[in-house]
Amino acid sequence: MTRILPIALAALLAACAAPDSAPQDKSANAQTAEQREQSRTILNQAVALYQNGDYAAALPLFRQAAAMGNLKAPRYIGLMYLNGTGLPQDPAQAFAQFQAAAGKGDITSQYWLGWCYENGRGTARNDAQALYWYGVSAQRGDHVSAPAILALGRMHEQGKGVPADRKTASEWYRKAADAGDDKVKTEAREALANL
């Protein structure tokens, strides 16, 4: 009998410990996935309002999505600050929002961070940083990163942060034309024609 009690106690403790840890892990993962989905839904609602010019209604949704960890939401808040749409124009706040989103991997915010550095908006002008962030954004090589690819061509053509180099500029412009939407393709082709 004394031998059965320790075995039964050990089995009882093991049974009690296992259910507590497994559901918590599953529930934490499910909650994270659920939160990501909720933030994506909120972001999509905000983007629709933003695109319709209803900035007052979009802003709290962007802020809610950002608070939930959505990496794209700060980009839109940054654009609102940069352009003065729905918020007072504040380039420093725009820069901070782009930094937040770029640091999380948002390709478009990486482009805008490069743009801010290139143009000295919200931060001191810094061509080396502009080149860096355009380069980070351009790595994907698709239509989302095409504006950054085009910007790299312009930076090389104009010698901003690097020695002026028409050959390298031409290579970037060709990549932009291959990757971009109609607007970027047109700009890249015009830049190539004017080299």
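Tutor: Before we start, one convention: a helix here is a DSSP run of H or I covering at least four residues, and helices are numbered from the N terminus. Keep in mind too that this is a predicted model.

Student: Okay. How many helices and strands does the chain have?

Tutor: There are 9 helices and 0 strands. Going along the sequence, the pattern reads α-α-α-α-α-α-α-α-α.

Student: And what share of the residues counts as buried?

Tutor: Buried means under 20% relative accessible area. By that cut-off, 37% of the chain's 195 residues are buried. As for contacts, take those between residues at least 6 apart in sequence: 42% of them join residues at least 24 apart.

Student: Let's pick a helix. Where does Gln110 lie?

Tutor: Gln110 sits in helix α5, residues 107-119.

Student: Is Gln110 buried or exposed?

Tutor: Compare its value with the 20% cut-off. Gln110 has 7% relative accessibility, so it counts as buried.

Student: Which residues is Gln110 in contact with, leaving aside its neighbours within four places in sequence?

Tutor: Ala102, Gly105, Trp133, Val136 and Ser137. Hold on to Trp133, Val136 and Ser137, as they come back when we reach α6.

Student: How many residues of α5 are buried?

Tutor: 10 of the 13, so α5 is largely enclosed by the rest of the structure. Gln110 is on that list, along with Ile107, Thr108, Ser109, Tyr111, Leu113, Gly114, Cys116, Tyr117 and Glu118.

Student: What do those buried residues pack against?

Tutor: Four helices: α3 (73-83), α4 (91-103), α6 and α7 (146-158).

Student: Take α6, then. At what angle do the axes of α5 and α6 cross?

Tutor: Roughly 165 degrees, and the axes come within 8 Å; α6 covers residues 127-138. To read the angle, remember that anything over 145 counts as roughly antiparallel. That is why α5 and α6 are roughly antiparallel to each other. Their crossing is left-handed. On the α5 side, the contact is made by Ile107, Gln110, Tyr111, Leu113, Gly114, Trp115, Tyr117 and Glu118. The α6 side supplies Asp127, Gln129, Ala130, Trp133, Tyr134, Val136 and Ser137. Sorted by class, this contact has 9 nonpolar, 4 polar and 2 charged residues.

Student: And how do α3 and α5 pack?

Tutor: Their axes are 10 Å apart, at an angle of about 30 degrees. Angles under 35 degrees count as roughly parallel, and α3 and α5 are therefore roughly parallel to each other. Here too the crossing is left-handed. Arg75, Leu79 and Leu82 of α3 meet Thr108, Ser109, Trp112 and Trp115 of α5. By class, that makes 4 nonpolar, 2 polar and 1 charged.

Student: What happens just after α5?

Tutor: Gly120 has a positive phi there, about 60 degrees.

Student: Now the other end of the chain. Where is Ser170 found?

Tutor: In helix α8, residues 166-179. Ser170 counts as buried because its relative accessibility is 12%. Not counting residues up to four places away in sequence, Ser170 touches Leu192 and Leu195.

Student: Does the end-to-end length of α8 agree or disagree with 1.5 Å a residue?

Tutor: It agrees: the 14 residues of α8 should span 20 Å, and the end C-alpha atoms are 20 Å apart.

Student: Which residues of α8 are buried?

Tutor: Besides Ser170, the buried ones are Thr168, Ala169, Tyr173, Ala176, Ala177 and Ala179. These buried residues pack against α7 and α9.

Student: So how do the axes of α8 and α9 cross?

Tutor: At roughly 155 degrees, coming within 8 Å, with α9 running over residues 182-194. α8 passes α9 in a left-handed crossing. From α8, Ser170, Tyr173, Arg174, Ala176, Ala177 and Asp178 make the contact, and from α9, Val184, Lys185, Ala188, Ala191 and Leu192. The class tally is 7 nonpolar, 1 polar and 3 charged residues.

Conventions: Residues are numbered from 1 along each chain as its sequence is written. This is a predicted model: local features need pLDDT of at least 70, side-chain atom pairs count only at pLDDT 80 or more; totals for chains, interfaces and linings use all residues. Side-chain values use heavy atoms; hydrogens and water are left out. Helices (H or I, at least four residues) and strands (E, at least two) are DSSP runs, numbered from the N terminus. Buried means under 20% relative accessible area, exposed over 50%, partly exposed in between (1.4 Å probe, protein chains only). Contact means heavy atoms within 4.5 Å. Axes are lines fitted to C-alpha atoms, for helices over the stretch in contact, and angles run from 0 to 180 degrees between N-to-C directions. Angles under 35 degrees count as roughly parallel, over 145 as roughly antiparallel, 65 to 115 as roughly perpendicular and the rest as oblique. A crossing is left-handed if the near helix is turned anticlockwise from the far one by less than a right angle, and right-handed if clockwise. Ala, Val, Leu, Ile, Met, Phe, Trp, Tyr, Cys and Pro count as nonpolar, Asp, Glu, Lys and Arg as charged, and the others, Gly among them, as polar. The expected span of a helix is 1.5 Å times one less than its number of residues.
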